[in-house]
Amino acid sequence: MSQSIVIQVGQCGNQIGSRFWDMVLQEHAKNNPKGLYDDALGTFFRNVDRHGFSNHPVGDGTRRISGLRARGVMIDMEERVIGQIRQSALSELFNPDQQVISNSGSGNNWAVGNTVYGPQYREEILEVVRRQAEYCDALQSFFMLGSLGGGTGSGLGSYVCEMLSDEYPDVYRFSTTIMPSATDDVVTSPYNSMLSLSKLIETADAVLPIENEALLDIHQRIVQHTEAGPRARKRQIALTDSGVAGFGGMCGVGARKTHPYDSMNNIAANLLMNMTSSMRFEGTMNVDINDIVTNLVPYPRLKFLMSSMTPLFTLTDSRPPPQRTLDQMFIDAFSRETQLVRADPKANRYLACALIARGDVEVSDLRRNIERMSSQLRFPAWNKEGWKTGMCSVPPLGQTRCLLSLANNCCIRQNFSRLHGRFTKLYRRRANLHHYTQYIDAADIATAAENVEDIIAEYTAQELA
């Protein structure tokens, strides 16, 4: 069984990471009632002695859990969010040598995170990652969590991704990155986004963009369904929920009202959990993580994978026939309302698409729905059968089934165009540019924007081909 390391960078990355570790522990606890350290648990966790340092191998999967440590690294140039994790129940998952922290911050400036803190903390970060890599028997992938709009997540995050491509060229690098909204309160986020996107184009194997606006849309849609009436949703059975045993969100510690960002972070965490479900659990058709890159990235630079998950929530009304409910799950997966970016994939060309079903789904269900959807979706002539399918027998928390769709779709160019437009408004007036030219040349920013323009043009060419 292969292993993966999660590297969470910046405030956003660590908040999403905290939700992932919390929820993935609940998922394994539900499916591992005997408390054994098996291959499934070994994907993201080490089994350690009571001192927290010596590792116990998986062996034949019958050894009991003595203590768990995450196969993860926490990095931030501000200590607030990691400090909250240290005060929570998740603190036991991370030894001090899994953390790289400063208290000076990046000032929402990509150039500071990339050109100042990157070189300054390079050796420390390398050592932390190297230690985690040496704990792995078969390291297959790095999952990076961060944002495009801030300073640390975008600047230092893209530096770390480039560093991993140099030091671990044979290990897949997946970047789950949050794209800022048009009303983002960080005025320099368009600069940060262009610079970070340009680096990810060159250094990541696959990028899973997520838009804050799309997450908020999904959160609000779920909240609108109260528990009154047959079209209501059950509690703790939605993508926004933290699970029955969750310790709560990361916008604060202790008893408090749930903040919308907690729900939004839960959605992003669910994406990673569902994407890796076939790595961790048995199924009829398992999808290895390298299959995703091989099948969904037909060209080296066109590596941006849109994602959706259905159902968003489970209704209290259980009367609909199972097949109708299941088929609706497939229909919803291609709807713009379930996408984690604001886009309409059905109106644009698919270069490739993967469907990973979990729980109570049969092979015949997959085939029937793929055959039906194929007539409604546009694929290129060279990839008419551009489907990759996977089935995991273990359902997600609180649900009987779910479906994850990962699509390399040309409509992502529209999201990049909107982001580029916000960048152009700033750059044309050279607004706030001096904050960056203290550390990098203005030509570097222009080159990054041109790189993103090229990606937009390449996706446009595929759409029109």
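Is W387 buried or exposed? At 14% relative accessibility, W387 counts as buried, where buried means under 20% relative accessible area, exposed means over 50%, and partly exposed lies in between (1.4 Å probe, protein chains only). The model is a predicted one, in which local features need pLDDT of at least 70 and side-chain atom pairs count only at pLDDT 80 or more, while totals for chains, interfaces and linings use all residues. Residues are numbered from 1 along each chain as its sequence is written, and side-chain values use heavy atoms, with hydrogens and water left out.

A pair of aromatic rings is described by the distance of the centres and the angle of the planes. Rings of Phe, Tyr and Trp (its six-membered ring) pair if their centres lie within 6.5 Å; planes under 30 degrees apart count as stacked, over 60 as edge-to-face, and the rest as tilted. By this criterion the structure holds 19 aromatic pairs. One of them joins Y172 and F174 in a tilted arrangement, with 6.5 Å centre to centre and 45° between the planes. Y172 is partly exposed at 23% relative accessibility, whereas F174 is buried at 0%. W387 takes part in an edge-to-face pair with F334, at 6.0 Å centre to centre and 80° between the planes. This pair links distant parts of the chain, 53 residues apart: F334 belongs to the loop between α11 (322-333) and β13 (350-359), and W387 to strand β14 (residues 387-392). Here helices (H or I, at least four residues) and strands (E, at least two) are DSSP runs, numbered from the N terminus. F334 is buried too, with 0% relative accessibility. Elsewhere, one aromatic cluster is formed by F20, W21, F44, F45, F94, F143, Y172 and F174.

The charged end of R46 is placed over the ring of Y135, 3.9 Å from its centre. R430 lies over the face of Y427, with 4.2 Å to the ring centre.

Turning to the interior, a nonpolar core is a set of buried Ala, Val, Leu, Ile, Met, Phe, Trp, Tyr and Cys residues joined through side-chain atoms within 4.5 Å. The largest such core has 62 residues, and I7, I75, I125, V160, F304, F416 and I445 have the most contacts inside it. Among the elements that each supply at least two residues of this core are β1 (3-9), β5 (72-76), β7 (139-147) and α15 (442-464). Helix α4 gives the most to this core, with ten residues. Apart from it lies another core, of 54 residues, among them L93, I289, V297 and F313.

Eight of its nine residues are buried, so β7 is largely enclosed by the rest of the structure. Two strands pair if DSSP finds at least two bridges between them. β7 runs parallel to β1, joined by six bridges, and the bridge partner of Q3 in β7 is L139. Seven bridges join β7 to strand β8 (residues 172-179), again in parallel, with S147 standing opposite I178 in β8.

Finally, the structure holds zero disulfides, a disulfide being a pair of cysteine sulfur atoms within 2.5 Å. For C410, the nearest cysteine sulfur is that of C411, 8.0 Å away. C410 is buried, at 0% relative accessibility.

Key:
Lys NZ or Arg CZ within 6 Å of the ring centre and 35° of its normal.
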